[in-house]
Amino acid sequence: MPQIFPPNANAFAKWAILGGGAFFVALIVALPIYARTMNNAVGVPVAQPVAFAHNLHTAQLGIDCRYCHTTVEVAASASVPPTETCMTCHSQVRVGAPQLAAVAASWATDTPIAWNRVHDLPDFAYFNHSAHVNNGVGCSSCHGRIDQMAGIWKNEPLSMGWCMDCHREPERFLRPRSEVFNMAYEPPFDNRPLGLELVAQYGISHEKLYQCSVCHR
Amino acid sequence: MAVRTPGRVVETNRVMGPGQTSGGIDDVVNTPVLVGPQRTPLWWWIGFSISGALLTLYLVSIVHLVTVGTGIFGNNSPVMWAMPIINFVWWIGIGHAGTLISAALLLFRQPWRTSINRFAEAMTIFAVVCAGLYPILHLGRPWVFYWLLPYPNTHGLFPNFRSPLDWDLFAISTYASVSILFWYIGLVPDLATLRDQAKSRFQKLFYGTLCLGWTGSARAWTRYMRAYILLAALSFPLVLSVHSTIAMDFAVSQVPGWNNTIMPPYFVAGAVFAGFAMVLILGIPLRRAFGFEKIITMRHLDNAAKLMLATGMIVVYGYFIEIFMAWYSGVEFEVFMAYNRVFGNYGWAFWLLILCNFVAIQPLWFRRVRQSPWALFLISIIVSIGMWLERFVIIVVSLTRDFLPSSWGNYTPTFWDWSLFAGSFGLFFTLFFLFIRLLPSIATAEMKELAHHDAHHGSDPWETIRPKYYGEGTR
């Protein structure tokens with residue numbers, strides 16, 4: 001009976017099995033790495049219709065976060081400021097500057113500026129800004145040093161695992177209420193002793209903090 | 001297509017018809033596999049086309065489900081588990097007879113397993129495929145089903161190992177992988193036979209690739225037999241464990257009618273019961289279509305029917321002990337559940353279930369019925385319907401009337417519930433028709449071993465004990 005396969009078929013079969021196994025292992029290693037790095041868009045600037053510079057307005061001009069993000073202490077959404085907020089200054093300051101053309105157009109035509117979302121949580125996750133800033137989570141804890149950003153980007157992956165880091169052990173990250181809006185706040189090297197004090201002071205319940213229904217309502 | 005001689009088929013009670021030879025087995029089993037496409041029998045094309053049409057319905061249903069969401073089903077509070085879970089349990093149960101035949105009966109050295117194990121194992125795998133898709137499809141977002149797996153995800157969460165739904169995942173995936181491995185290992189020598197007998201270049205390459213370079217040397221056989229026994233030992237516990245795990249989905253919950261310690265053994269018995277019914281539903285037409293009467297003999301049908309009767313009676317015992325325990329427990333919710341099951345607005349389902357699973361199997365006490373393919377085929381279909389009704393009664397009837405009368409409700413399946421169920425038959429039978437066309441549906445290597453034994457030593461100890469019945473060549 002003639003041979004069906006050439007002699008190198010054996011080598012091919014062996015390498016196919018080995019290669020298949022290696023591919024599978026590589027996939028298992030690569031996918032979690034991909035999900036943690038390239039896929040989370042951390043540090044990737046998001047283009048905006050107006051080149052708004054957070055660093056200029058906050059660190060250099062000294063405007064408080066809450067001047068624009070007015071509802072951060074009282075509502076779920078921190079709120080993106082309307083054009084009116086821009087015009088409180090820019091009706092007087094740098095009127096007609098080319099960088100502000102889109103703001104002026106928005107003001108003239110009475111249409112909101114179409115900002116691009118940077119921090120987009122999935123709809124099934126409930127998030128409340130006021131619950132966080134009133135209980136010792138600083139702006140910079142999640143958003144990073146916005147006061148040093150000329151553009152805007154995510155500083156953290158906003159993955160569930162990242163949320164859970166704090167929801168499991170809030171004492172590692174909490175700061176005094178007075179420091180919440182301080183972008184330059186430096187936590188102590190070991191935040192736990194202070195954190196545990198704050199957990200007690202804010203009345204935070206560890207059990208409640210990692211129940212599903214806290215975020216998935 | 002096997003060449004069928006007209007006239008009466010000679011039936012036998014032996015494990016195989018007398019005078020079987022290795023070549024004869026190859027002729028009967030391998031010839032219909034190796035004939036060219038133009039000589040594929042008409043019945044195959046008809047069956048395959050109907051299955052394909054149903055498979056199309058299945059795919060359409062899945063597309064509709066994924067685009068619209070689980071709202072297309074009739075499931076709603078309080079009946080959150082309905083048709084998808086009923087069908088899941090039904091399909092996974094069917095698989096169990098295949099594993100029992102292939103693994104348990106091999107370890108118990110039952111010679112009558114040999115000719116039915118191959119297609120029963122195939123049935124197991126295809127049933128597990130149909131079953132395994134249901135839990136995934138009835139997730140709200142089926143595309144993230146892999147969240148059930150313990151992998152290094154970015155959620156900071158591991159699956160909840162205390163949840164029976166996660167046990168399901170492991171039970172089904174273990175069952176699927178071990179079943180496929182066992183089936184494939186068993187196929188290897190037969191694939192090599194097909195490779196050697198193949199006529200066309202395509203067939204040579206196809207079977208030559210699949211048989212992994214099997215040489216048939218003594219060393220290969222020794223290792224093969226060792227691997228086969230080891231896999232059988234691995235599969236055997238699965239007969240008991242898989243459906244026990246499925247039963248836990250119900251048993252560990254608090255719903256009256258689910259929270260019973262009897263659930264695991266009762267589910268396992270029900271699974272084997274439904275599985276043997278399916279083996280007969282597939283086996284009876286198969287032996288007729290391919291002319292396997294001397295390989296799948298009356299003895300096989302008889303034994304399968306006996307196992308069906310035995311496991312069926314265990315299941316019936318389960319029905320009555322559930323009612324007894326409801327009364328004996330004195331828990332008012334349990335008592336009401338039992339009353340509602342029997343006399344409630346879904347009482348018809350319970351009585352139909354008793355009719356199908358209890359009354360319909362009673363004729364199996366008689367040998368004449370056990371040896372009548374037509375009667376067995378009919379009873380098997382009734383049993384399959386009965387086992388579906390059993391899951392309907394357990395799942396839907398318990399959920400519609402639980403603790404609070406204010407949260408009682410009713411359940412009506414929608415068109416898509418039924419289309420997905422009908423479609424899963426399309427998936428099952430499409431795979432099965434492809435299997436019987438492309439692969440040997442009888443384990444020829446094992447049959448040849450049995451034929452050798454039969455010729456030289458007699459195949460079966462029963463022949464010496466009851467020579468009048470088993471020893472006779474013909475009936």
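Okay, housekeeping. Residues count from 1 along each chain as its sequence is written, while chains are lettered from A and ligands numbered from 1 in the order written. The model is predicted, so to speak of local features we need pLDDT of at least 70, side-chain atom pairs count only at pLDDT 80 or more, and totals for chains, interfaces and linings use all residues.

On confidence: pLDDT, the predictor's per-residue confidence from 0 to 100, averages 89 over chain B, with 96% of residues at 70 or more. For the complex, we get an ipTM of 0.73 and a pTM of 0.87.

Now the fold. Chain B has 17 helices and zero strands, both being DSSP runs numbered from the N terminus (helices H or I, at least four residues; strands E, at least two). The C-alpha trace spans about 70 × 55 × 40 Å along its principal axes. Of its 475 residues, 44% are buried, meaning 20 or more other C-beta atoms, placed from the backbone, within 10 Å of a residue's own.

So, B:Phe267. Why does B:Phe267 count as buried? Because 29 other C-beta atoms sit within 10 Å. Beyond its neighbours within four places in sequence, B:Phe267 contacts B:His243, B:Ser244, B:Ile246 and B:Ala247; contact means C-beta atoms, placed from the backbone, within 7 Å.

Last, the interface: ten residues of chain B contact 13 of chain A. Helix α6 of chain B, residues 201–210, gives the largest share of chain B's side, three residues.

Methods
Contact = placed C-beta atoms within 7 Å. Buried ≥ 20, exposed ≤ 12 C-beta atoms within 10 Å, placed from the backbone.
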